[in-house]
Each structure stands twice: as structure tokens, then as C-alpha cells.
Amino acid sequence: MKEDNSQDNKTTRKDFLRKSLLSGGVLASGVIGINKLIADEKDSGEKVKVLTADGKLVEVDSGNISKCQASTTTPSSEARIGIPGKKYVMVIDLSRCKHALKCQDACQRYHHLSGMNVWLKVFKMQDSENTAPYWLPKPCMHCDKPPCVKVCPVSATYKREDGIVLVDNERCIGCRFCMAACPYSTRSFNWQEPEFLSESKGAVYSPETGFPQKKGTVEKCDFCPDMLREGKLPHCVTACPNGVFYMGDLNEDTVSNGSETVRFSQLMNDKGGYRLNEILGTEPSVYYLPPVSRLFPFKDAEPGKGKMDASE
Amino acid sequence: MEKYKKELNDADAIELLHQYNEDLLPRKFGIIGKTWTLFLFIGFLTGIYCYTNQLKQGLVITGMRDFVFWGIYISNFVFFVAISLVGSLITAILYLLRISWRAPITRLSEVIAVAAITFAGLIIIVDMGRPDRMVNMILHGRIQSPIIWDVMVVATYMMLSILLLYFPLLPGIAFCRDRLNGIPKWQKRMYSFLSLGWKNSPEQYKIVKKAITILSITIIPVALCIHTVTSWLFASTYRPGWDSTNFGAYFVSGAFLVGSGGVIAGMYLLRRFYPAYDKYLTDDHFDRMAKLMVLLAMVYAYFSINEYLIPAYKMKGEDSEHLNELFTGYYAPMFWSVQIFGMIVPMIVLLFKNGRKPLPTFIMAVLVIICAWFKRYLIVIPTMSFLPVQEIPEAWKHYSPTLQEWLITGGSLAGALLIITLFVRFFPIISVWEIAEERGISEGVIYKHMHEGNEK
């Protein structure tokens with residue numbers, strides 16, 4: 001599911017082992033798994049310490065080790081903790097959105113979303129007859145006081161140190177209480193066995209990718225923590241042609257939409273940033289910039305354009 | 001009641017006791033009973049069959065989708081929890097208040113409670129997307145989730161209800177064990193196993209009575225908890241229609257109303273099919289239960305007014321959309337039907353003495369039960385069906401349960417009725433020793449002669 005495994009293929013076995021032994025950040029950069037012990041290689045008598053996928057240090061004969069692809073999948077236990085030292089925030093500039101839906105397309109594609117599950121929706125907003133309509137992209141708010149986390153009976157959905165709220169679909173019991181609790185209605189349920197493209201067969205599950213989805217469990221926008229872990233921007237941010245989405249770290253006070261990187265506090269100050277439903281006390285991590293001095297005049301969507309407009 | 005308490009000499013008392021035993025022994029079903037049992041059994045099996053489909057294909061076989069994600073499984077769960085509260089009302093509250101006419105209806109209400117709470121537990125599992133992971137609630141349970149509270153109180157209430165049914169039943173089981181002849185071997189063995197070696201000694205009665213008192217006191221707070229916590233599953237969210245501080249009391253009062261309806265319906269049907277029972281389930285009992293029902297309907301009306309009219313006075317943004325749907329919109333016919341026929345009409349009819357005769361009382365009780373089921377539908381579903389309706393396929397906007405969903409829900413109702421029916425078939429549904437005590441037969445006579453009579 002990750003495109004950048006090719007660089008690992010080039011490394012020799014020795015390099016690979018040395019790296020895995022020496023690098024202290026081996027876990028942080030992805031877990032090294034020993035897929036299989038190759039029997040036809042002779043014992044070299046040389047013992048090597050390696051780290052298994054579940055974090056145990058074991059000693060094996062170096063002749064018995066074959067190289068496998070370094071998986072970029074973060075295991076569930078680690079995905080619970082988050083990326084150290086970060087506090088992620090998103091800023092959505094409503095004055096730039098013209099309902100191009102490139103964000104949604106990218107999100108659907110990279111998260112292999114099937115059926116009618118849509119993580120990022122773009123709503124037409126018009127609060128009253130005399131106010132102007134505008135487009136509102138709505139990802140998960142990754143609240144600092146998340147109501148969904150509060151009600152989850154099994155901690156399948158949880159809040160991480162870096163501010164991200166994730167769902168562990170290997171633990172979710174499918175009670176859908178989180179869907180009831182979420183005041184932003186950002187969650188989807190897998191009502192049936194999800195359909196996958198053939199390329200995605202054999203992918204290892206991680207809450208950080210939410211893939212493969214499982215029948216009878218809840219899913220939602222995850223802020224693409226797998227990308228963030230690599231220092232990259234989420235797919236919706238990079239896909240947007242108009243730079244609507246900014247992603248960044250509150251601790252560094254910096255957000256970027258790919259083409260420009262700005263001070264978060266400055267942006268809030270200059271453009272009058274706000275959050276949705278502040279009155280509920282959920283403290284979202286997603287900030288909005290009001291739809292003033294717009295890049296595009298508002299135009300209603302053509303029928304059938306949105307993912308969901310197509311009749312089932 | 002004084003009229004039941006006559007001065008009895010021992011000989012009369014013994015004869016009366018024998019008469020009770022004779023009248024109240026469980027009997028084989030006739031053709032109607034057998035057909036009814038078969039019907040329930042088929043209904044239950046159909047539900048199970050549809051559930052296996054759901055296990056294979058997922059909840060996609062239901063009418064629920066992301067927009068309306070809780071459906072009749074949940075509203076049916078609320079209904080079951082509601083009706084199960086009657087066990088604590090009749091058995092515990094009336095017992096502790098020393099209400100003397102309660103004896104013939106305690107066991108009936110406790111059976112209803114056990115059957116309903118059992119299927120409440122089952123139907124909530126049916127609603128889960130991953131029932132195979134139920135053990136996660138123990139492995140990873142988080143105490144701040146109202147679902148965990150609900151699991152705890154429902155399990156506790158189920159245990160207490162079963163014990164409150166079982167302990168007073170011991171003399172009855174022992175009597176069946178010793179005196180019921182011409183029954184299959186397995187039935188004999190079942191009685192012998194369940195009677196726990198009951199030998200009618202005064203010590204055993206003493207222990208049972210003490211247990212009943214303790215259980216009656218314990219079950220009242222637990223009963224209030226089950227329905228309050230069930231209401232919190234909704235009230236702990238932000239959704240208009242659910243976001244209400246009135247919900248706990250509103251749910252509990254509604255539960256008592258439908259529970260009393262359940263008992264009245266049971267009383268009437270027992271009398272209808274066991275003519276000898278009208279000496280025990282007298283017209284007076286219907287009269288009293290009907291009066292109780294009027295009171296409960298009034299309490300429910302009070303909380304309903306709080307629930308709907310005060311938000312309607314303000315008509316706050318989202319609340320107003322919800323209330324308009326209920327008062328004049330899509331759900332209006334159902335809403336007004338359940339308010340009128342499930343609360344107001346019974347309240348008025350049962351105010352009149354003629355209205356409290358068995359048949360009209362029974363009809364009112366059935367109305368209350370049916371309306372209570374749809375009332376739960378109205379509490380659960382409309383709240384989810386008016387939030388931002390964009391980027392949603394047309395088919396998701398209105399929820400209508402699928403056939404399989406109805407069959408599974410119907411299967412659970414059939415299952416609960418099957419438990420009650422089988423209980424009536426195999427156990428004395430009216431407690432002989434409690435009737436005897438209530439009617440002034442001395443403890444000494446009961447302990448000594450309870451086991452006699454009926455030598456057929």
C-alpha cells in the first residue's frame with residue numbers, strides 16, 4: 001500500500017541487518033519483520049540479534065535470515081501512542097474551496113475506501129436564506145475532548161499524544177455508539193464485507209492506515225498518520241488544487257498546504273480562524289478560515305459529481 | 001385485603017390448601033396451547049435463521065445505514081428493558097409495601113421480567129457489528145462508557161430477577177416433583193434437579209423469605225438503574241431529541257406503565273385459558289391493577305410533557321426540526337397515535353368503574369403494550385433522520401426496517417413469549433404458599449400440609 005518500498009529493495013542483506021541492529025529508531029521508522037526463516041541457506045555459525053515484529057529481541061543464525069520488505073505499517077500497540085512531540089492541527093480555508101472534490105477522490109483512493117464509506121465530505125452550507133452559501137469540507141475534527149472516545153466501551157477508538165483520534169478495527173465491537181456520540185457525524189460503518197482492489201491483497205492492518213477495513217466495524221478520517229510519520233502531508237492536503245487544506249504542528253506553530261508554509265497563530269490572527277460547534281466543548285483540532293474574499297464565486301455542484309450524489 | 005383474611009380453623013385451612021394445590025398445578029396444554037407454542041417456536045427459529053444470514057453478510061441485511069445507524073433492534077431492546085421493570089414493581093415494591101393482593105401476580109410479573117431482560121440482552125448482541133468480539137468488553141472494558149454500565153446493570157438485574165423468580169418457586173417445584181404423576185422421566189428429573197432438595201421444612205421457608213426480602217430491597221435500585229442507564233445511552237449524546245436531562249425519569253415512568261400492561265394482559269390470558277384461576281386472579285385484581293395503571297399513565301404523561309412541550313416552547317434550531325417531524329411531519333401519525341392510545345385513552349377509560357372490568361382493562365393493557373413498542377421506535381429513530389442530509393444516497397434518508405430485520409425482531413418477541421408460555425406449562429404460575437399466607441392460612445399449616453393433596 002505504500003509506494004516507497006523500492007528503496008528498501010536496493011539495500012543488501014548486510015546493510016539491512018546492520019541498520020536494523022544499530023538504528024535505535026528502527027521501531028519508529030517501521031517494524032522489521034522476519035517473514036520466514038529460509039531453510040536452504042547453510043548455518044553460518046554467526047548469531048545475530050534481531051527485533052521481531054512484536055518488539056522482542058531474538059537471536060538467530062545469520063544464515064537463516066533472509067531479507068524481507070520492511071513494512072511501513074505501524075503495529076496497533078504503537079499506533080495508540082502517537083508520534084512523539086507533535087500536536088497536529090488542520091486549517092481549512094473556506095475562501096478557497098470550489099467543490100473540486102479532489103481531496104475526496106484522493107482520500108477515497110489512498111484509503112482504499114469501498115462502497116459508500118466517505119471519510120471526507122464537502123457540504124454546501126447556507127445557514128439562512130439571507131446568508132451566502134459556501135462549501136465546507138468536513139474531515140474528522142480530531143477533538144481534544146472527543147465524545148466518541150468517551151463512549152467507546154472497549155477503547156477501540158482512542159486519543160493519541162499527538163492529538164489524533166484513531167479507530168482500531170481489530171478491537172471495535174461494532175456497537176456504533178461513537179457514531180451516535182459524534183456531533184459532527186464523521187463516522188462510517190462497514191455494513192458489509194468491504195470490497196478491495198486486487199493490489200491491496202495481503203496488506204498488513206494498522207490503525208494508522210485503517211486498511212484493510214473490516215465488516216462490522218467503524219471507520220473515519222484519520223489525518224493520514226502514516227504520511228505524517230514520514231514527514232509528509234495528508235492526501236487531501238496535497239490533492240487540493242487550491243490549497244484549501246493546511247496541516248501542521250501546533251507545537252511548532254507551523255502549518256503547510258504544500259505550496260506555502262505559514263505560522264499557525266499568524267494565520268488564525270490574520271484571517272479570523274474558528275472551529276465548528278465550539279459551544280459543544282469538544283475542542284476540535286480542525287480550524288476553519290471564514291469564506292471571505294473568495295477565490296471563486298459560489299457555484300452549485302453539478303448533479304452526480306459528489307461521491308454520494310450518485311444514486312445507489 | 002381484609003376480605004381475604006378469614007379466621008380459619010386448621011381443618012378448613014388444610015382443605016383450602018389442598019384446593020389451591022389442586023387448582024394451581026401446571027397442566028398439559030390443549031390444542032390452543034400447543035398451536036400457540038408451535039407458532040412461537042417457529043417465529044423464534046425464523047429469527048435465528050435470519051440472524052445467521054446477518055452473521056454471514058453483516059448488518060447490510062438491515063435497513064440501517066450510516067445516517068440512521070440504530071434501528072428497531074435498539075428500540076426493541078429499550079422495549080424489553082422497559083417491560084422487564086415490572087418484576088421489580090410488583091414483586092419488590094408491592095411486597096415491601098405489604099400490599100396484600102399482590103400474591104397471585106408476583107410470579108407472573110417476575111416471569112415477564114426474566115423473559116424480557118433475557119431477550120433484551122440477546123437483541124443487543126444482535127445489534128452488534130462484531131458479536132464475536134464481545135469478550136473485548138471484559139478484556140478492554142472502559143468504565144466511562146455507558147455501554148459498560150448497561151452491561152453491568154442488565155446482567156445484575158437479570159441475576160436478581162432470576163433469583164427472585166426462583167426462590168419463591170422452590171416449594172412449587174418440589175410439589176411438582178413429588179405430586180405430579182404420569183409425566184415423562186426428563187420432566188421428573190428436571191423438577192428434582194431444580195427443587196434443590198426442598199423438603200418443606202420451616203427453616204427452608206425462613207431462608208426463602210429472608211432471601212425474598214433482601215432481593216426485593218436490592219432489586220429496586222438496580223431496576224431504576226437499568227432503565228436510567230439505558231436512557232443514558234441516548235442522553236449522553238449531543239443529538240436533539242436525545243440530549244435531555246429528563247430522559248432517565250421519562251424512561252423509568254414509561255417502563256412501569258408498559259410493565260403493568262404486561263401483567264394485566266398476562267392475568268387476563270391466564271384466566272381465559274385456566275378457568276379455575278379466576279378464584280385467584282379476581283375481578284378485584286383487575287380493578288386494582290387498572291387503578292395502578294391510571295396512576296402510572298399520569299406519571300408518564302407528566303414526564304412526557306416535560307420531554308416534548310418545554311423544548312417545543314423554545315423551538316431551538318435543531319430541536320424544532322425534530323419536534324416538527326414528530327408533531328406535524330413524517331412521524332406525526334405514529335406520534336399522536338401512541339400518545340393518545342398508549343397513554344391518554346387508557347388513563348381515561350380506566351378511571352371508570354366499568355372500564356376496570358377484566359375485558360376493557362385487558363384491551364387497554366394491550367393498547368399500552370403495542371403503543372409502548374412504537375413509542376420506543378419514535379424515541380430512537382427520528383432523532384437520526386433529519387441531520388444534514390447532504391452527500392447521502394436517497395435510500396439512506398428514511399429508515400425502514402427490512403423483512404429480515406422484522407423477522408429477527410419478531411423472533412426475539414416470540415422467544416420472550418415462549419419463555420413465559422413454557423413456564424406456565426411446566427411450573428405453577430401462581431404461588432400456592434404465598435396465596436395461602438395471604439389468605440390467612442397459618443405458617444404451621446402451610447409447612448406441614450403444603451405437600452399434600454392432589455394424588456392423581
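Guide: Let's start at Ser155(A), which sits in the loop between α5 (147–151) and β6 (157–159) of chain A. Those labels count helices (DSSP runs of H or I, at least four residues) and strands (DSSP runs of E, at least two) from the N terminus. Before going on, note that this is a predicted model, where local features need pLDDT of at least 70, side-chain atom pairs count only at pLDDT 80 or more, and totals for chains, interfaces and linings use all residues. As for names, residues are numbered from 1 along each chain as its sequence is written, while chains are lettered from A and ligands numbered from 1 in the order in which they are written.

Back to our serine. Ser155(A) isn't a glycine, yet its phi is positive, about 60 degrees. It has 17 other C-beta atoms within 10 Å, so it counts as partly exposed. The rule goes like this: 20 or more other C-beta atoms within 10 Å of a residue's own make it buried, 12 or fewer make it exposed, anything in between is partly exposed, and the C-beta atoms are placed from the backbone.

Ser293(A) is another non-glycine with a positive phi, about 45 degrees this time. Look for Ser293(A) in the segment after β13 of chain A. With 8 C-beta neighbours inside 10 Å, it is classed as exposed. While we're on backbone details, Phe211(A) and Pro212(A) are joined by a cis peptide bond, with omega about -5 degrees. That proline belongs to the loop between β8 (188–189) and β9 (218–219) of chain A.

Now step back to chain A itself. It has nine helices and 13 strands, and 41% of its 312 residues count as buried.

Who are its partners? Strands pair if DSSP finds at least two bridges between them. β3(A) runs antiparallel to β10 (residues 245–249) of chain A, joined by five bridges, and there Tyr88(A) stands opposite Asp249(A). With β13 (residues 286–289) of chain A, β3(A) runs parallel, and four bridges join the two. On that side Val91(A) faces Tyr287(A).

Setting aside neighbours within four places in sequence, Met268(A) is in contact with Gly273(A) and Tyr287(A); contact here means that the C-beta atoms, placed from the backbone, lie within 7 Å. Met268(A) is part of helix α9 (residues 264–271) of chain A. It has 17 C-beta neighbours inside 10 Å, so it is partly exposed.

Next, cross over to chain B. The meeting of the two chains takes 39 residues from chain A and 35 residues from chain B. On the chain B side, α7(B) gives the most, with three residues. Sorted by class, that side has 16 nonpolar, 11 polar and eight charged residues. Here Ala, Val, Leu, Ile, Met, Phe, Trp, Tyr, Cys and Pro are nonpolar, Asp, Glu, Lys and Arg are charged, and the others, Gly among them, are polar.

Chain B has 19 helices and zero strands. Of its 456 residues, 46% count as buried. Take α5 (residues 103–127) of chain B: 22 of its 25 residues are buried, so it is largely enclosed by the rest of the structure.

A nonpolar core is a set of buried Ala, Val, Leu, Ile, Met, Phe, Trp, Tyr and Cys residues joined through C-beta atoms within 7 Å. This one has 207 residues, and those touching the most other members include Phe245(A), Phe80(B) and Ala116(B). Its largest share, 15 residues, comes from α5(B). Phe80(B), for one, touches Ala116(B), Ile117(B), Phe119(B), Ala120(B), Ile123(B) and Ala416(B), if you leave out residues up to four places away in sequence.
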